[in-house]
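Here are a few exercises to work through with the model open beside you. Take them one at a time, and try each before reading its solution.

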Amino acid sequence: MFKDSDYHIPVLYTEVLETLLIKPNGVYVDCTAGGGGHSLGILKQLSSTGVLVSIDQDPAALTTTKLKLESLNQNNAQFILVNNQFSHLREILNDLKIVKVDGVLADLGVSSYQIDTAERGFSFQKDGTLDMRMDPSNPVNAADIVNNSSAEDLVYIFQVYGEEKYTQRIVAAIIAERKTKLFRSTFDLVNLIKKVVPARSKREKHPAKRIFQALRIAVNQELKELEDLLNVLPQCVKSGGRISLISFHSLEDRLIKHKFQEWENPCTCPKDFPICVCGNMPLGKTIGRKGITAKAEEISKNSRARSARLRVFEMI
Ligand SMILES: C[S@@+](CC[C@H](N)C(=O)[O-])C[C@H]1O[C@@H](n2cnc3c(N)ncnc32)[C@H](O)[C@@H]1O
């Protein structure tokens with residue numbers, strides 16, 4: 001028997017379930033099954049005529065989700081597990097002969113299980129292969145990027161995806177080091193970063209934190225995945241259906257916020273036109289301008305919740 005906390009504590013759990021306005025006989029997609037916490041919450045609210053599609057690009061996540069959903073499916077609702085990237089949502093639904101769904105959830109980023117499993121290479125606090133692939137069939141891992149990317153590409157990755165203050169000196173040190181020894185483990189990279197960043201910055205936070213975030217985003221093409229998902233979502237959700245997206249850093253949140261604004265007000269006519277001639281009609285409305293963040297009580301139990309922001313859109 002699985003407890004919700006075995007693998008990953010779902011963030012904003014109550015808020016996600018409330019904002020999805022789940023109908024017992026509806027069809028829902030969880031784009032990021034992870035440990036199945038949110039998926040289970042949705043499944044429990046469905047009747048035997050409801051359907052849940054849970055997607056994850058990491059087969060290990062689906063194994064856990066399957067066990068959890070199988071053992072706790074109190075209403076015998078139908079659930080379908082799909083090992084794929086969520087950017088393929090339209091094709092996934094086409095394959096399942098589903099035209100539109102009643103709600104979609106994505107809880108972006110990595111799960112606690114992925115971070116805690118040293119050999120997956122996501123953690124700067126554990127020694128393991130410098131990997132960071134959520135999808136094990138992805139041909140590129142973090143070591144490939146560190147060992148083979150040009151200095152310009154590394155600067156772009158660390159600055160844009162990690163907003164790392166010491167990008168230039170870290171990249172210079174990587175380029176020098178890899179001439180004699182390639183990076184293989186997480187600690188190969190962590191130790192080099194510790195050597196080159198100033199001592200005062202080490203007191204504020206772990207010096208490798210931003211570089212690891214940047215590499216993870218690059219390896220898994222996280223921003224491209226999110227952009228592609230946002231581009232197909234309106235074709236996948238019914239009128240009155242909700243889209244609930246949880247992000248963990250400003251790069252993702254900005255993409256979501258801007259896309260919701262565009263959906264709400266897609267008119268491209270010049271501001272001084274008396275009437276709209278572009279014909280682009282609103283797709284729906286954003287629910288709650290600023291999004292929903294975790295309450296202090298949740299943050300005290302789950303530090304991941306600190307940076308989580310849930311944004312919700314309702315289709316017309
Ligand atoms: C934060 S966890 C989700 C946790 C989940 N909500 C729960 O309650 O346990 C994110 C999950 O999304 C998956 N994921 C991230 N990006 C993905 C993508 N582009 N396509 C499919 N799965 C993805 C990761 O492999 C990870 O298992």
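The domain bounds used below come from an automatic or database domain assignment. Please keep in mind that this is a predicted model.

**Exercise 1.** Find the domains of the protein chain and state how far apart their C-alpha centres lie.

*Solution.* Start with the division of the chain: domain 1 covers 13-113 + 222-315, and domain 2 covers 139-219. Next, take the C-alpha centres of domain 1 and domain 2, which lie 32 Å apart.

**Exercise 2.** Describe how helix 7 and helix 11 are placed against each other, and list the residues that make the contact.

*Solution.* A pair of packed helices is described by the angle between their axes and the distance between the axes. For helix 7 (residues 151-161) and helix 11 (residues 209-219), the axes come within 8 Å and cross at roughly 110 degrees. Angles of 65 to 115 degrees count as roughly perpendicular, so helix 7 and helix 11 are roughly perpendicular to each other. Helix 7 contributes Ile157, Phe158 and Tyr161 to the contact, while helix 11 contributes Ile211, Gln213, Ala214, Leu215, Ile217 and Ala218. Sorting the residues of this contact gives eight nonpolar, one polar and no charged.

**Exercise 3.** Characterise the shell of residues around the ligand.

*Solution.* Of the 21 residues around the ligand, the nearest are Pro10, Thr32, Gly34, Gly35 and Gly37. Helix 2 (37-44) and strand 2 are the elements giving two or more residues to this shell. By class, the shell holds six nonpolar, eleven polar and four charged residues.

Key
Residues are numbered from 1 along each chain as its sequence is written. This is a predicted model: local features need pLDDT of at least 70, side-chain atom pairs count only at pLDDT 80 or more; totals for chains, interfaces and linings use all residues. Axes are lines fitted to C-alpha atoms, for helices over the stretch in contact, and angles run from 0 to 180 degrees between N-to-C directions. Helices (H or I, at least four residues) and strands (E, at least two) are DSSP runs, numbered from the N terminus. Angles under 35 degrees count as roughly parallel, over 145 as roughly antiparallel, 65 to 115 as roughly perpendicular and the rest as oblique. Two residues are in contact if their C-beta atoms, placed from the backbone, lie within 7 Å. Ala, Val, Leu, Ile, Met, Phe, Trp, Tyr, Cys and Pro count as nonpolar, Asp, Glu, Lys and Arg as charged, and the others, Gly among them, as polar. A residue is near a molecule or strand if its C-beta atom, placed from the backbone, lies within 6 Å of it.
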